[in-house]
Amino acid sequence: MHRLQPHQRQALEAAARQACACAYAPYSQFPVGAAVLTEEGRIVPGCNVENASLGLSCCAERTALFSAVSQGLGKIVALAIYTPTAGPTLPCGACLQVLREFAADCLVISVCDGEDPLEKFLKTLLPAPFRGQNSPELGA
Ligand code: THU
């Protein structure tokens, strides 16, 4: 498991908070910011981007992850989520499954405006991911 340095954690949380300001959530009114930390120490932000079709909307976690992968930054060691709510928000099941492909040992940190941050390992949140016929080893 990757050990997160305090300065990395602070920067990751700050990036998630900042990304939330870019959220496009006119339909749900539920803005979400996220940021992933790569093995190389890079931080990549993402926000939720909704669409009039609703079904085409994308969560903040997947926006951040897809952006990191698009930049050739494959291995993710931590993910921070920020929501301007009283309690912390955890990633939805779809995002957990997508994260698991690139970030089996990922630490998930959720920060909000009320309670203390919530921290869980991805493997705890999704202990039994879907594995297709050609799935790479996702690290049981
Ligand atoms: N959403 C996220 O971005 N991340 C989550 O972990 C949960 C939900 C978004 C999707 C949608 O734009 C809005 O929040 C309401 O569900």
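## Tour: the ligand shell and a helix pair

Start at the ligand: its shell has seven nonpolar, two polar and two charged residues (Ala, Val, Leu, Ile, Met, Phe, Trp, Tyr, Cys and Pro count as nonpolar, Asp, Glu, Lys and Arg as charged, the others, Gly among them, as polar). This is a predicted model: local features need pLDDT of at least 70, side-chain atom pairs pLDDT 80 or more, while totals for chains, interfaces and linings use all residues. Numbering runs from 1 along each chain as its sequence is written, and side-chain values use heavy atoms, without hydrogens and water.

Select the shell residues, among them Phe30, Val32, Leu90 and Pro91 (a heavy atom within 4 Å of the ligand).

Next, pick Glu50. A polar side-chain atom there lies 2.5 Å from a ligand oxygen. Move to Glu61: a side-chain N or O atom sits 2.5 Å from an oxygen of the ligand. The protein covers 78% of the 370 Å² of accessible area that the ligand has on its own (Shrake-Rupley, 1.4 Å probe).

Now select residues 60-70, helix 2, and residues 93-102, helix 3 (DSSP runs of H or I, at least four residues). Their axes, lines fitted to C-alpha atoms over the stretch in contact, come within 10 Å and cross at roughly 20°. The two helices are therefore roughly parallel (under 35 degrees).

Note on methods
Polar contact = N/O pair within 3.5 Å; in protein donor to acceptor, adjacent residues only side chain to side chain. Axes fitted to C-alpha atoms, helices over the stretch in contact; angles between N-to-C directions. Parallel < 35°, antiparallel > 145°, perpendicular 65-115°, else oblique.
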